[in-house]
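Please read the following account with the sequence and the model side by side.

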Amino acid sequence: MPFPYLFAFLWTDFRLVWISQSLNRHSITEILLTDSILSNGSRLMDLGMPEKTLVIMVRRGDTFFVPTGSTQLMAGDKLLVITDNNEALEETYRKMGIVE
């Protein structure tokens, strides 16, 4: 079962991490949610992620789960995000106040 170890390894850092980039369009990132990021709403769908972008896992404390659009998020949650449109995701992060 390598996946729990993989996610534990990927999720050890509390800042925005560019884990992988290939072909300048795809990336897997991790973000730590803050109150300011959640100021437009606390559901995943309120974050306004661009098309071709998935939040594939949420870490809340020691718990990991797969979210849906209606998942209530909390400050301190970490999101594992994968995208096929890196430029749009970077712009979304800038609007959220997240800088690389």
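The predictor's confidence in each residue is expressed as pLDDT, on a scale from 0 to 100. In this predicted model the protein chain has an average pLDDT of 77, and 73% of the residues score at least 70. Over residues 1–23, however, pLDDT stays under 50, and for this stretch the model has 46 contacts beyond four places in sequence, a contact being heavy atoms within 4.5 Å. Local features need pLDDT of at least 70 and side-chain atom pairs count only at pLDDT 80 or more, whereas totals for chains, interfaces and linings use all residues. Residues are numbered from 1 along each chain as its sequence is written, and side-chain values use heavy atoms, with hydrogens and water left out.

Strands are DSSP runs of E, at least two residues long, numbered from the N terminus, and two of them pair if DSSP finds at least two bridges between them. Strand β3 (residues 53–60) pairs with strand β5 (residues 78–83) in the antiparallel sense over six bridges, and M57 has L80 in β5 as its bridge partner. Strand β4 (residues 63–65) also runs antiparallel to β3, joined to it by three bridges, with T63 in β4 as the bridge partner of R60. Two residues separate β3 and β4 in the hairpin that they form, and in its turn G61 has a positive phi of about 65 degrees.

The loop between β4 and β5 contains A75, which is partly exposed at a relative accessible area of 39% (between 20%, under which a residue is buried, and 50%, over which it is exposed, with a 1.4 Å probe and protein chains only). Leaving aside residues up to four places away in sequence, A75 touches L33, T34, D35 and L38. A75 and S42, 33 residues apart in sequence, are 8.9 Å apart in space, C-alpha to C-alpha.

Conventions. Helix = DSSP H or I, 4+ residues; strand = E, 2+ residues; numbered from the N terminus.
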